[in-house]
Amino acid sequence: MWKYLAQEIEERLAIVSREFSHALVIGPMAYHAAKILGNRDCISIFTTLETPSNLQTTIAQEDNLPFAPNSFDLIIAAGTLDSVNDLPGALVQIRHALKPDGLFLGHMFGAGSLATLKSVMLAAEGQVNAPHIHPQIDLRSAADLLSRAGFTLPVADADTLRIAYADWRTIISDIRDAGIGNALCGQRRYPGKSFLQNLDREWTMRADDTGRVEEAFVHLFLSGWSPSENQPKPARRGSADVSLASVLRPAPKT
């Protein structure tokens, strides 16, 4: 999973022509920082997870960054934003930590992820249900959050990765390995003795001819720039020389 995200972020960074001299990497992407950043002179690595000894690390929370404003010209945060306590606050802090015209590249698991597993668990629990996965936001909400946090030229796009599993236990294992399990606080309700048996039954009912069930992971990729006076500005409303209606009007038949 993380290799896929690292490749996607690397490709998005590759199309940016400008150079970055001081970067911050938040989360498990720190393991792939060398691949993502290439030969760029990026010296600061931040992560909330255990990292290799050759990385410069700081342990903190995404919504409580210990950095002064205007500290970095590139910040990458991938794989952890969907589970922070205060996502709008985290995005604002990331923008404050960026220098003017600094770039933010982010990722989070979006709404629609693990829809099959949620459905199987819901059916297996019967009459009494409990949340097993923390809430996730959709693409439009993610784009709105970028704008609300003060980023300019905000872009949000989604990619759905579908994987066929032979056993629901493998999904649980992948979720735990990726660190994207239930982040909700509070006591967890005991699902009952028959819960695992019910899960097996519900899974078998959904399996295809090969005995597998397809699961979806919705990846939301975010990008935005810290405000700067030299950035391109949108044209003034009503200043266009050609109307959109005339462009979209069908050509006359000959």
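Biologist: Let's start with Leu 145: which helix is the place of Leu 145?

Modeller: Bear in mind that this is a predicted model. Leaving aside residues up to four places away in sequence, Leu 145 touches Leu 87, Pro 88, Leu 91 and Ile 137. Leu 145 itself sits in residues 139-148, and that stretch is helix H5.

Biologist: Is Leu 145 buried or exposed?

Modeller: The cut-off for buried is under 20% relative accessible area. Leu 145 has a value of 11%, so Leu 145 counts as buried.

Biologist: How far apart in space are Leu 145 and Val 92, C-alpha to C-alpha?

Modeller: Along the chain, 53 residues separate Leu 145 and Val 92. In space, their C-alpha to C-alpha distance is 9.4 Å.

Biologist: On to the sheet. What is the order of its strands?

Modeller: The sheet is open, has 5 strands and shows mixed pairing. Its edge strands are E1 (23-26) and E4 (152-165), each pairing on one side only. From one strand to the next, the twist averages 10°. Read across, the order is E1-E2-E3-E5-E4.

Biologist: In what sense do E3 and E5 pair?

Modeller: Strand E3 covers residues 98-109 and strand E5 covers residues 213-225, with 7 bridges between them. Two of the bridge partners are Leu 105 with Ser 223 in E5, and Gly 106 with Leu 222 in E5. The sense of the E3 and E5 pairing is antiparallel.

Biologist: Which helix packs on the sheet?

Modeller: This helix touches strands E2 (72-78), E3, E4 and E5. Its direction makes about 30° with that of E5. The helix is H1.

Biologist: How many of the residues of E3 are buried?

Modeller: E3 has 12 residues and is mostly covered. The buried count for E3 is 10 of its 12 residues.

Biologist: What is the handedness of the crossover from E2 to E3?

Modeller: E2 and E3 pair in the parallel sense over 6 bridges, and Ile 75 stands opposite Phe 104 in E3. Between E2 and E3 the chain runs through helix H3, residues 87-97. This β-α-β crossover is right-handed.

Biologist: Now the inside. How many residues does the largest nonpolar core have?

Modeller: In soluble globular proteins, nonpolar side chains tend to be buried together. Here, the residues with the most contacts inside the largest core are Leu 13, Met 29, Ile 36, Leu 37, Leu 74 and Leu 103. Helix H1 (residues 2-14) gives the most to this core, with 6 residues. The core's total is 38 residues.

Biologist: And how many residues are in the other core that lies apart from it?

Modeller: Among the members of that other core are Ile 26, Ala 77, Ala 90 and Met 108. Its size is 24 residues.

Biologist: What about charges: how many salt bridges does the structure hold?

Modeller: Side chains of opposite charge can pair when their charged atoms come close. One of the pairs here is Asp 157 with Arg 12, at 2.6 Å, N to O. That pair links distant parts of the chain, Asp 157 in strand E4 and Arg 12 in helix H1, 145 residues apart. The structure's salt bridge count is 8.

Biologist: Last one: in which helix do Glu 202 and Arg 206 both lie?

Modeller: Their side chains meet in a salt bridge at 2.9 Å, N to O. Glu 202 is buried at 9% relative accessible area, while Arg 206 is partly exposed at 32%. Glu 202 and Arg 206 are 4 residues apart, about one turn of the helix, and that helix is H7.

Notes:
Residues numbered from 1 in each chain as written. Predicted model: local features only at pLDDT ≥ 70, side-chain atom pairs only at ≥ 80, totals over all residues. Heavy atoms only, no water. Core = buried A, V, L, I, M, F, W, Y, C linked by side-chain atoms within 4.5 Å. Buried < 20%, exposed > 50% of the residue type's maximum accessible area, 1.4 Å probe, protein only. Pairing = 2+ DSSP bridges. Axes fitted to C-alpha atoms, helices over the stretch in contact; angles between N-to-C directions. Contact = heavy atoms within 4.5 Å. Right-handed = clockwise from strand over helix to strand, strands pointing away. Salt bridge = Lys/Arg side-chain N within 4 Å of Asp/Glu carboxyl O.
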